[in-house]
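Hi,

Here is the structure I said I'd pass on.

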Amino acid sequence: MYLFKRSNDLKKHLDLVRKSGKSIGFVPTMGALHNGHLSLIQAAKKENDIAVCSIFVNPTQFNDPKDFEKYPVTIEEDIKKLNDASTDILFLPSVDEMYPEGLSGGLHYDFGDLETILEGKFRPGHFQGVGKIVHKLLDIVQPAKLFMGQKDLQQCLIVRKLLKIIDSPVELVVCPTEREASGLAMSSRNARLSPAARKKAVAIYQALEHLKQQFGKGLHFLEGAHDAFDDLKTQGFDPEYVDILSLDPDGNLHPLNQPPADNDTIVAAIAAWLDGVRLIDNMIIRGNI
Ligand code: AMP
């Protein structure tokens, strides 16, 4: 595996790769890698000639400086995992390398309502930060395909919009959420949970499963979401949202407050704090994203 820290060096290398007719699959990450990330590398390898992974904890997408400081960094282990997964290239830039102009200002993207619901409501500015870094990374890597996880569904939808806004030819591939045997969605943040909290955290997955089943039985979905919120609270979580939403053909999410049309894709999404750790998960209740 090649390791690059400078974008110009990586660009030069990848120019040659593209000139030789090889396709590039790209997996951007913030490190503290787990099997969810590695499943994206696998998909990138399968669908392209080479897989490029980036590890960069992007300061502009953290609205909470404490969260940024506490974000787990396990670079030695990450390099080993990427090597074992036959990753071709790791891009490991510094903050100065990615933001030579400084962290504030820069482009502003019009993501519409998608930016202000769910994650956007509780993490103001988050998706502008995501947009900035993905745009910068795509300019450097210029992949054929970009691989992201359904675990961060709203992020996938934002990036899909970004690709349209910047008129990018890159194809976004959304990969399924990898879970622990218990059902808990794999996440770098799980590393900060105590063993007891990690066990308890499965309740988020169980709530999503329950909502899916309830929906299938035609029970009232809004009450279901309400009950799930209260249930998580009773169990010691501090939930931010438990929402059921429909996804329209333009890639926008709408909170459901009336029965959906027959062919709308329906998703359930949860964000909840447990033991000082913010966890998110989602599930497709019906349809495809
Ligand atoms: P992160 O390092 O958390 O920014 O995640 C990097 C990429 O890995 C994003 O596209 C995430 O959606 C994806 N990812 C994170 N967790 C999982 C998971 N459990 N299953 C699949 N993909 C994931």
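Below is what turned up, spot by spot.

Some ground rules: this is a predicted model, so local features need pLDDT of at least 70 and side-chain atom pairs count only at pLDDT 80 or more, while totals for chains, interfaces and linings use all residues. Numbering starts from 1 along each chain as its sequence is written, and side-chain values use heavy atoms, with hydrogens and water left out.

Start with Glu240, which sits in strand 7 (residues 238-247); strands are DSSP runs of E, at least two residues, and helices are runs of H or I, at least four, numbered from the N terminus. Glu240 has a relative accessible area of 18%, so it counts as buried (buried is under 20%, exposed over 50%, partly exposed in between, with a 1.4 Å probe and protein chains only). Its side chain makes a polar contact with the side chain of Trp273 at 2.8 Å, and another polar contact, also 2.8 Å, joins Glu240 to the side chain of Arg278. A polar contact here is a pair of N or O atoms within 3.5 Å; within protein, one must be able to donate a hydrogen and the other to accept it, and residues adjacent in sequence count only if both atoms are side-chain atoms.

Asp227 is in helix 11 (residues 221-234) and is partly exposed, because its relative accessible area is 46%.

Last one: Ala32 lies in the loop between strand 2 (24-29) and helix 2 (35-47), and at 11% relative accessibility Ala32 is buried. Ala32 and Gly102 are 70 residues apart in sequence and 25 Å apart in space, C-alpha to C-alpha.

Cheers
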